[in-house]
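Welcome, and please have your viewer ready with the selection panel open. We will go from one selection to the next and look at what is there.

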Amino acid sequence: MDLNNAHTRLYQRAYNNNTSYNDEWVLERVDDTRISLLGVNGTNSKTALNNVMGSLKGDGYRNVNRVYSSFDPSDMIGMMQESDIFAVRANGNGLIEGGYTSYSYLYTDTQGNKKIISHSGGYTPGSNDIIINNMPSGSFSNVNLAVIVSDRSALVAYASEPLPHNVAKALHDKGVGCVVGLKGAYTSNQEDAFLQNFFMYLLNGQTADNAAYNASLIAFQNDNCYNLYGDGTYTLN
């Protein structure tokens, strides 16, 4: 329908054959890959997300949903779980104590008050926070690919850590087939460039592993800025 704003309520209207299409529906069969592109307000990433959406739709992907918002964590988790592929462009951070990562998190609002977190213990969540570690096993088992473009979303810890210590690792632990995240903190322009080039290489037929490698070289001039968990041979084709 012709609606001007996201989350607008739907109303039953009398049909009027004019130039407004608020009273008509266009129904299309959508049975292809469900892709969600989620951007958090404050990241200045709307252009990058729009470019990725345009590239995907230009390559024939119809079921692409781009949302740029100050999310409630549960809403963001819900959109992740409903997707075959999702990308998150968010603010993030992590804590290193004694040489290993205690936790990493994504901000889901502009003030950084609501978070999606993975941690190895010793963290007291806020009332609106979601701990990925505490979600049921297989919570994301339908998701083939996740790209978490936020600071320290794939911050490395010692291999002996008993729980997934960063958001990317935790998502893979809960069922995502392949997850790509960033090791460190980078500029907004670098992270937007990584996101756009990653999908460009995927659409050109490269594997997730190769796409991340090449996107990292372009965005950061360094191939050691990301971690990939799971099946790096994943392709869109």
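## First stop: helix α4

Select α4 and colour these residues, which are buried: Glu191, Asp192, Phe194, Leu195, Asn197, Phe198, Phe199, Tyr201, Leu202 and Leu203. Here buried means under 20% relative accessible area, exposed over 50% and partly exposed in between, with a 1.4 Å probe and protein chains only. Helices are DSSP runs of H or I with at least four residues, strands are runs of E with at least two, and both are numbered from the N terminus.

Before going on, a word on the model: it is predicted, so local features need pLDDT of at least 70, side-chain atom pairs count only at pLDDT 80 or more, and totals for chains, interfaces and linings use all residues. Residues are numbered from 1 along each chain as its sequence is written, and side-chain values use heavy atoms, leaving out hydrogens and water.

Now try a distance between the end C-alpha atoms of α4, residues 188–203: they are 23 Å apart, which agrees with the 22 Å that its 16 residues should span at 1.5 Å a residue. That expected span is 1.5 Å times one less than the number of residues. Step past the helix to Gly205, which follows α4 and has a positive phi near 95°.

## Second stop: strand β9

Select residues 178–182, strand β9, where five of the five residues are buried. Which residues lie on each side of β9? Cys178, Val180 and Leu182 are on one side, and Val179 and Gly181 are on the other. In a regular strand the side chains alternate between the two faces of the sheet.

Centre on Val180 in β9: Val147 stands opposite. Val180 also has Leu228 in β10 as a bridge partner, and β9 and β10 pair in the antiparallel sense over five bridges.

Asn227 counts as buried because its relative accessible area is 16%. Its side chain reaches the backbone oxygen of Ala154 at 3.0 Å. Show the neighbours too: leaving out residues up to four places away in sequence, Asn227 touches Ala154, Val156, Val179, Val180, Gly181 and Lys183, with contact meaning heavy atoms within 4.5 Å.

## Zoom out

Finally, show the whole protein, with its five helices and 10 strands. Of its 237 residues, 47% count as buried.

Key:
Polar contact = N/O pair within 3.5 Å; in protein donor to acceptor, adjacent residues only side chain to side chain. Pairing = 2+ DSSP bridges.
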